[in-house]
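Here are my notes from going through the model.

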Amino acid sequence: MSAADNKKSHYINAKEISFKFDGKKYLGYKGDTIASALLRNNVRLVARSFKYHRPRGLYTCGIEEPNGIVQILNEHNEPNTRATVKQIYEGIRVNSQNRWPSLNLDVGSINNLLSPMFSAGFYYKTFMGPKGFWKKIYEPVIRRTAGLGKPPKEFRSKSVHQNHNVDIVIVGGGLSGLIAARKLIDTEYDVLLLEQDSFLGGILKNSNKIKKINNIDVNKWIKETEKLLKASKNIKIFKNSLVTSYNFTNHLIALEDKCAGKEINKDKSELTLHKIRTTHTILANGHIERFISFRNNDLPGVMLASSFEKYIHRYGVVPETSPVIFTNNSTTATLLKSLIDLGHKPAAYVDARDKDKIGKKLLDYLKKSNIPFYINSEVEGCDGSKKIKTISIRKNKNKIIKVKSSMLCVSGGINPDIHLFTQSKGLVKWDDKLVTFKPDVPFQNTITLGSVSGNYNYEKTIDEIDQKLSFLKAKNIRFNLELNDSNNFNIQELWETKHEKKSNWSKSFIDLHNDVTTKDLKQAVKEGFDRIEHLKRFTTNSMGTDQGKISSINSLGIVSKILKKKISEVGTTTYRPPYAPLSFSAIAGRNTYEFYDPQRKTPIHYWHIENKAVFEDVGQWKRPWYFKKFETESMHLAVQRESAQTRKTAGILDGSTLGKIEVKGKDALEFMNLMYTNAFTKMKPMTSRYALMLGEDGMIKDDGIVCKFNDKHFIATTTSGGAPKVLADMEEYLQTEWPHLQVFVNSITEQFSTFNISGPKSREIVSKVFTDVDFSNENFPFMTFKVFDYKDTEVRIMRASFTGELGYEIYITPNHALELWKKIFHYGKAYDLVPYGTETMHLLRAEKGYVVIGQETDGTVTPIDLNFNWMIGKKKKDFIGKRSLTRSDTSREDRKQLVGIIPLDKSEFIEEGQHVVECERLPKPIKTPVEYLGHVSSSYHSPNLNHCIAMAMLKGGNKLMGRKLFVSSTYGNKNIPVEVVSPVFIDPENKRLVS
Amino acid sequence: MILINCPYCGERDQSEFSNGGEAHVARPENSENLNDKDWGRYVFYRDNPKGIFYERWVHTHGCRKWFNAVRNTSTDEILKIYKLDENPPSKESFTNTLKTPSGEPKVGSGNFTVKK
Ligand SMILES: [Zn+2]
């Protein structure tokens with residue numbers, strides 16, 4: 001007993017292909033899937049199960065496969081590929097998964113003997129403690145043995161995304177899909193026909209249930225149809241395209257495999273993700289057969305009956321010439337006939353139905369063909385080690401008899417494939433006659449045709465299509481079918497058969513993929529998990545990558561029996577996209593590596609690279625972090641050098657990333673007064689001011705410098721990361737709260753490059769660069785700005801500083817920026833002008849006690865907490881957040897306030913993020929919680945003071961000046977003693993700033 | 001991904017828009033006269049009903065214009081879109097199709113896949 005070729009199949013003359021499975025070479029035909037090729041070679045054992053490492057074989061012939069999941073070694077080691085879908089090509093190398101050291105000899109199968117440990121809720125119950133075990137023992141062990149393949153070694157696959165806007169999408173190119181498409185040829189609609197397989201036909205190819213359509217042989221009819229569709233002006237066909245999601249507003253995602261049956265071409269994309277918007281969706285995606293639970297229903301050799309039929313007709317391989325057929329419904333009759341027509345003889349036919357339901361015609365046929373058959377009977381279980389040897393049949397629901405065969409075809413009924421329908425939020429209802437859920441009320445413009453709508457009768461399907469498509473004014477073409485057998489569906493409800501044997505080896509599975517047994521379901525219900533959603537998570541039933549496609553309805557059936565409820569009362573679990581696994585590379589598309597997120601570079605970027613800048617990401621910006629003077633200079637040394645030099649002579653920072661927003665209009669002054677805390681009314685034209693923006697909750701959101709040209713024109717800077725949000729907030733208030741204000745706001749961040757030059761020698765340097773400008777203190781005082789012509793453009797220079805030194809901010813159009821930057825260095829050389837990066841910027845501002853939004857502040861800090869009372873325009877009637885500053889909470893005196901701290905021992909270093917407390921050592925044991933006073937927000941080693949300086953946010957910090965406190969640390973075994981001081985460490989009188 | 005019909009640009013993908021929360025919450029004038037509780041109500045409290053909700057959207061990656069929408073939060077249906085200066089449609093003009101108070105079926109899944 002073994003596999004045979006279907007002599008009537010076109011595969012007989014197909015091209016031979018060699019491939020490797022687990023290192024061994026086999027031959028298959030072109031067009032074979034890995035599964036059909038393995039069956040041709042009588043390979044039955046293809047996997048080890050997830051939890052118990054039981055031997056498993058191919059169970060289905062499609063996307064619903066729970067067992068045959070493999071790793072493709074020569075395609076970036078792609079794991080979790082369905083052997084029943086993936087086509088072979090010359091040289092493909094495939095490995096089984098979840099076995100060690102080999103499929104035949106698997107160490108993990110000891111789990112099967114330990115199976116009492118692995119029952120429902122196993123993960124929740126077992127791995128609770130002791131502390132530390134999870135990381136060291138449980139997780140590594142589980143990861144090794146409960147693997148679902150190994151991750152790809154590198155991310156290299158290529159995919160593209162494609163958008164479609166169409167009128168009608170037809171999901172599925174089977175009988176109903178093709179007829180629907182033919183009726184839409186040359187109509188006014190744009191139509192997409194999506195077929196998951198590499199050929200059209202569906203049921204017409206999967207079985208011989210339908211012989212002829214309009215007197216034409218079905219294979220010819222499919223060819224003719226494809227030709228007609230391709231020739232039409234309005235219908236496009238995508239094969240190898242699986243619809244994975246059906247989202248709201250008729251938005252579908254389909255994944256097209258561009259390499260089906262071919263080796264990957266490194267220069268071309270492997271996958272196309274189609275994003276489709278449609279007006280109407282026609283679901284013609286068919287049905288999926290379900291199994292029946294019995295003892296050892298997972299042994300290699302058990303296969304769904306319709307899948308067995310598919311292998312015969314689609315791939316021309318009869319997996320076993322004399323299998324046992326076990327059914328509870330009418331769909332298996334054609335499998336029986338297919339086998340007999342090919343000259344094979346099933347070992348037995350077992351039907352759970354009574355003779356009335358089976359019908360005289362089939363019974364006569366069984367008798368005539370001399371097939372042993374058992375009606376009113378069921379399969380109790382099967383035995384064997386790595387494949388089936390004997391099958392136990394409970395004859396007339398009574399006596400057990402044994403039949404020898406290596407394969408068992410099982411059918412527990414068929415389920416409309418409602419996955420996509422429910423994803424689209426359609427409601428389903430239980431059908432007592434079909435014993436399954438079927439679509440009821442669609443939520444969107446969804447039409448279901450054929451078996452997905454619960455219509456299992458092909459002749460009625462023709463009427464159904466006519467009727468459901470009539471509103472589209474589709475073509476009135478009549479299709480007449482010639483069937484091989486009458487196909488009035490009937491079924492006897494059966495979810496599980498009773499066990500005779502009891503041993504650890506004897507298990508009846510409900511979820512093959514996740515190794516969940518029917519016993520687990522019963523135990524979970526006993527433990528109180530009687531809601532289907534809870535039960536699913538507790539047992540992990542239907543939570544594998546197959547999402548329980550062949551078994552989830554069965555589990556509802558079993559649970560409804562335990563709970564003594566109707567299945568419709570038990571309900572279904574949620575069907576979530578994707579329908580089948582799709583790889584991350586498909587989702588990523590071309591948004592990978594340098595295309596993942598735009599990189600924003602300043603005009604000086606390449607100069608920075610030449611000068612050994614190390615970059616830091618600030619939002620999308622690349623900013624120099626520090627500049628290495630020589631290759632081995634450490635960050636610490638570089639920052640100390642840059643900081644000291646800036647205070648000694650001069651330093652320059654590329655501040656082009658700073659957000660800039662231009663505010664213009666009749667009511668600009670009023671608008672600015674409302675947006676910022678500061679009062680701008682009395683501010684003189686051509687002066688600037690440090691300004692704060694709050695949320696309505698009174699918390700600081702952003703800061704920057706506002707330049708006032710006149711009452712109708714301002715330019716505000718924002719933090720580098722905050723610019724888009726500030727602009728959006730301004731727009732929002734203008735449109736929604738103050739539409740009466742006549743103001744325009746516009747981002748000019750990239751229209752101007754910005755350089756911040758500061759240090760005692762900065763005036764001398766800029767005087768040499770801009771010889772026409774008077775930079776004297778009297779003519780160009782602190783916080784004023786000038787605009788003047790420079791070459792064919794304008795330059796704006798503002799006297800401002802973020803270092804505490806004399807400083808200028810230069811704004812210039814980007815096309816002149818690099819040239820000007822180089823010019824500044826040309827004249828700066830004599831003064832040892834140093835370029836510095838963001839780290840030195842942070843250090844210098846900390847020495848001066850300037851805060852950084854997002855470092856000292858975290859969305860819970862008010863201007864009062866930072867002692868910025870002077871920046872609040874108290875006399876203004878209103879500004880955003882004003883009222884919140886007098887809320888009882890914001891006016892508390894014990895709020896966290898900004899202070900400076902320095903270590904008492906000047907050689908010690910305070911770390912950012914550490915806690916500030918009152919005790920040197922934590923009491924042991926800790927009886928009452930140690931009061932936490934606050935945290936260190938910034939800390940640096942100051943090269944100019946030669947010790948550590950830090951800023952902290954402390955509860956009631958203003959009252960703690962001069963106090964001795966302690967800061968926790970990650971080194972040493974005690975806290976560091978510190979003194980609370982003013983956060984301004986350098987030049988508190990602002991002499992350097994205004995000189 | 002839902003489609004949103006921007007009143008200025010037409011139907012566009014949801015990814016072009018940002019949601020601005022509940023609509024018709026006016027920023028109080030003369031806030032200095034409000035007590036902490038009333039001001040706090042404006043700053044911190046927003047409605048979050050299951051069912052019909054009046055909310056604000058902005059066409060961030062488009063015209064940058066704000067507008068209002070009425071959305072059924074349990075089904076994501078956008079029932080009405082109107083400009084900021086237009087009057088909101090009355091709540092009675094929409095029928096709430098949810099059967100139970102919470103919108104969930106009495107038994108079974110939270111996805112209400114099975115028709116009651
Ligand atoms: Zn728009």
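**Notes on the model**

1. Let's start with a sheet in chain A: 5 strands make up an open sheet with mixed pairing, ordered β3-β2-β8-β6-β7. Its edges are β3 (24–29) and β7 (78–82) of chain A, each of which pairs on one side only. From one strand to the next, the twist averages 40°. Keep in mind throughout that this is a predicted model.

2. If you want a spot to check by eye, A:Ile72 stands opposite A:Glu78 in β7(A). As a reminder, strands of a sheet pair through backbone hydrogen bonds, either parallel or antiparallel.

3. Now the overall picture of chain A. There are 26 helices and 54 strands in chain A. The C-alpha trace spans about 115 × 75 × 55 Å along its principal axes. Of the 995 residues in chain A, 60% are buried. The accessible surface of chain A is about 42,100 Å², and carbon and sulfur atoms account for 53% of that. Taking contacts in chain A between residues at least 6 apart in sequence, 67% join residues at least 24 apart.

4. On domains: the assignment for chain A lists domain 1 (157–289 + 414–484), domain 2 (605–656 + 752–845), domain 3 (659–750) and domain 4 (892–995). For a sense of scale, 56 Å separates the C-alpha centres of domain 1 of chain A and domain 3 of chain A.

5. Next, a hairpin. Strand β40 (residues 687–694) of chain A pairs with strand β41 (residues 700–710) of chain A in the antiparallel sense, over 8 bridges. The hairpin made by β40(A) and β41(A) has 5 residues between the strands, and A:Gly698 in the turn has a positive phi of about 85°. One bridge to look at puts A:Met693 with its partner A:Asp702 in β41(A). β40(A) is mostly covered, with 6 of its 8 residues buried.

6. What about disulfides? How many does a search of the whole structure find? The count over all chains is 0. A:Cys61 is in no disulfide, and the nearest cysteine sulfur, that of A:Cys409, is 12 Å away. A:Cys61 counts as buried, because its relative accessibility is 1%. B:Cys63, on the other hand, is partly exposed, with a relative accessible area of 28%.

7. A helix to look at is α9 (residues 333–341) of chain A, which is mostly covered: 7 of its 9 residues are buried. Those buried in α9(A) are A:Ala333, A:Thr334, A:Leu335, A:Leu336, A:Lys337, A:Ser338 and A:Leu339. What do the buried residues of α9(A) pack against? Their partners in chain A are the helices α8 (305–314) and α11 (360–368), together with the strands β21 (317–318), β22 (324–327), β23 (348–351) and β28 (408–411). Just after α9(A), A:Gly343 takes a positive phi of about 90°.

8. A:Leu184 counts as buried, because its relative accessibility is 0%. Not counting residues up to four places away in sequence, A:Leu184 touches A:Ile168, A:Ile170, A:Tyr189, A:Val191, A:Asn234, A:Ile235, A:Ile282, A:Leu472 and A:Ala474. A:Leu184 and A:Ser232 are 48 residues apart in sequence, while their C-alpha atoms are 9.4 Å apart in space.

9. Finally, A:Thr539, which is found in helix α15 (residues 532–539) of chain A. A:Thr539 counts as buried, because its relative accessibility is 3%. From A:Thr539 to A:Asp351 there are 188 residues in sequence and 31 Å in space, C-alpha to C-alpha.

Notes:
Residues are numbered from 1 along each chain as its sequence is written. Chains are lettered from A and ligands numbered from 1 in the order in which they are written. This is a predicted model: local features need pLDDT of at least 70, side-chain atom pairs count only at pLDDT 80 or more; totals for chains, interfaces and linings use all residues. Side-chain values use heavy atoms; hydrogens and water are left out. Domain bounds come from an automatic or database domain assignment. Buried means under 20% relative accessible area, exposed over 50%, partly exposed in between (1.4 Å probe, protein chains only). Helices (H or I, at least four residues) and strands (E, at least two) are DSSP runs, numbered from the N terminus. Two strands pair if DSSP finds at least two bridges between them. A disulfide is a pair of cysteine sulfur atoms within 2.5 Å. Axes are lines fitted to C-alpha atoms, for helices over the stretch in contact, and angles run from 0 to 180 degrees between N-to-C directions. Contact means heavy atoms within 4.5 Å. Accessible areas come from the Shrake-Rupley method with a 1.4 Å probe; for residues, only the protein chains shown count as cover.
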